Amino acid sequence: MSKNVLITGATGLIGRRLVKEFSQRGDTIYVLTTNINSAKKQLSSVTNIIDWSEYLSLTGEDLKIIINLAGKNLGRGRWNEEFKKEAYDSRINS
């Protein structure tokens, strides 16, 4: 039985893999993103790509799985106190 799956951070390394796996299972994928154009290029098989500012449009969807991978790329930058705070905040505030 297919499920509706919402993924934030779907254009990242893990997110792209999850999109592929859920799609192969026959699930319907919803992607919440801050960069629609980039997401459409990277995830051409996904038809439900929603801008972060429009998240309330998902209210009526029967989402069974929500995966939050959104946040600052941990591989970019030196892990000083400022970077760690930005990385933490980027995950918590989403």
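Let me start with E21, which counts as partly exposed because its relative accessibility is 33%; buried here is under 20% relative accessible area, exposed is over 50%, and partly exposed falls in between, using a 1.4 Å probe and protein chains only. Before I go on: this is a predicted model, so local features need pLDDT of at least 70 and side-chain atom pairs count only at pLDDT 80 or more, while totals for chains, interfaces and linings use all residues. Residues are numbered from 1 along each chain as its sequence is written, and side-chain values use heavy atoms, with hydrogens and water left out.

Okay, back to E21. What does R17 form with E21? A salt bridge, with the closest N and O atoms 2.9 Å apart. By salt bridge I mean a side-chain nitrogen of Lys or Arg within 4 Å of a carboxyl oxygen of Asp or Glu. Both residues sit in helix α1, 4 residues apart, about one turn of the helix.

How many salt bridges does the rule give? The count is 6. Another one is K84 with E81, where the closest N and O atoms are 3.0 Å apart. Those two are both in helix α3, 3 residues apart, again about one turn of the helix. K84 is partly exposed at 35%, whereas E81 is exposed at 60%.

Then there's E86 with K72, at 3.2 Å from N to O. That pair links distant parts of the chain: E86 is in helix α3 (residues 81-92), K72 is in the loop between β4 (63-68) and α3, and they are 14 residues apart. Both are partly exposed, with E86 at 33% and K72 at 29%.

Now for the inside. Nonpolar side chains in soluble globular proteins tend to be buried together. For us, a nonpolar core is a set of buried Ala, Val, Leu, Ile, Met, Phe, Trp, Tyr and Cys residues joined through side-chain atoms within 4.5 Å. The largest one has 12 residues, including V5, F22, V31 and I67. β1 (4-8), α1 and β2 each give two or more residues to this core.

A10 belongs to the largest core. Leaving out residues up to four places away in sequence, A10 touches G15, R16, V19, V31 and L43, where contact means heavy atoms within 4.5 Å.

One more buried residue: T33, in strand β2 (residues 28-33), counts as buried because its relative accessibility is 11%.

Last stop, the surface. Which residues make the nonpolar patch of about 310 Å²? L13, I14 and L69. Patch residues have over 30% relative accessible area and no salt bridge, with like charges joined within 9 Å and nonpolar side chains (Val, Leu, Ile, Met, Phe, Trp, Tyr) within 5 Å; the areas come from the Shrake-Rupley method with a 1.4 Å probe, and for residues only the protein chains shown count as cover. L13 is in helix α1 (residues 13-25), and L13 is exposed, at 69%.
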